[in-house]
Amino acid sequence: MEMINAIGRRKASVARVYLTKGDGKIIVNGKPYKEYFPQTHIQHNITDPFTTIEAENIYEVKVNVNGGGFKGQAYAVRMAIARALVKLNEEFRSPLKTKKMLTRDARAVERKKYGKPKARKSFQFSKR
């Protein structure tokens, strides 16, 4: 099996994933994923695609991720891993799609408008 790459995005985060056969190591920006994402509830997001298709410790993953916060980065990595697995085997598509791992969450921060303190917030209105 050759190297398979995929891209995942969420908010301002972009994750590039390189998937190869291996012993199940996940390296994010040169560190093990448990060190890069110390929160346990976020670590589950990274491994979710593998548990969904029941393929833990089969593939080695190298990830480059930048932009956004830690949660957006975790979801971007999850999407990229799911996309790489679908490139590898088309049968993985339906279980990953039912858990919404292949759907791009397009919600992002709304831009600030001029004449307002934030995107939608207005200054206090005074009638008199």
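Because the model is predicted, local features need pLDDT of at least 70 and side-chain atom pairs count only at pLDDT 80 or more, while totals for chains, interfaces and linings use all residues. Residues are numbered from 1 along each chain as its sequence is written, and side-chain values use heavy atoms, with hydrogens and water left out. Helices (H or I, at least four residues) and strands (E, at least two) are DSSP runs, numbered from the N terminus.

**Helix α2**

- Helix α2 runs over residues 40–52.
- Its 13 residues should span 18 Å at 1.5 Å a residue, and the end C-alpha atoms are 18 Å apart, which agrees. The expected span is 1.5 Å times one less than the number of residues.
- A kink of about 45° lies at Ile46, shortly before the proline Pro49. The bend at a residue is the angle between axes fitted to the seven residues ending there and the seven starting there.
- Ile42, Gln43, Asn45, Ile46, Thr47, Pro49, Phe50 and Thr52 of α2 are buried. Buried means under 20% relative accessible area, exposed over 50%, and partly exposed in between (1.4 Å probe, protein chains only).
- These buried residues pack against β2 (13–21), β3 (26–28), α1 (33–36), β5 (59–66), α3 and α4. Contact here means heavy atoms within 4.5 Å.
- Glu54 follows α2 and has a positive phi, near 55°.

**The largest pocket**

- About 250 Å³ of space lies in the largest pocket.
- The pocket has 15 lining residues, and the closest to its centre are Arg10, Tyr75, Arg78, Asp105 and Arg107.
- On a 1 Å grid over the protein atoms alone, a pocket is an open set of points where a 1.4 Å probe fits, with protein on both sides within 12 Å along at least five of seven lines; lining residues have an atom within 4 Å of a point.
- Grid points are joined across faces, edges and corners, and a volume is the space filled by probe spheres set on the points.
- β1 (4–10) and α3 each supply at least two lining residues. Helix α3 gives the most, with five.
- By class, the lining has three nonpolar, three polar and nine charged residues. Ala, Val, Leu, Ile, Met, Phe, Trp, Tyr, Cys and Pro count as nonpolar, Asp, Glu, Lys and Arg as charged, and the others, Gly among them, as polar.

**The second largest pocket**

- The second largest pocket has a volume of about 150 Å³.
- Its lining includes Gly24, Ile26, Tyr33, Glu56 and Tyr59.
- Helix α2 gives the most to this lining, with three residues.
- Six nonpolar, four polar and one charged residues make up the lining.

- Gln73 sits in helix α3 (residues 70–88). Gln73 is buried, with a relative accessible area of 8%.
- Not counting residues up to four places away in sequence, Gln73 touches Ser13, Tyr36, Phe37, Val65, Asn66, Gly67 and Gly68.
- Arg104 lies in the segment after α4. At 36% relative accessibility, Arg104 is partly exposed.
- Arg104 and Lys11 are 93 residues apart in sequence but 9.7 Å apart in space, C-alpha to C-alpha. Arg104 touches Arg9, Arg10, Lys11 and Met79, not counting residues up to four places away in sequence.
- Gly115 is found in the segment after α4 (93–98). Gly115 is exposed, at 63% relative accessibility.
- Gly115 and Lys62 are 53 residues apart in sequence and 45 Å apart in space, C-alpha to C-alpha.
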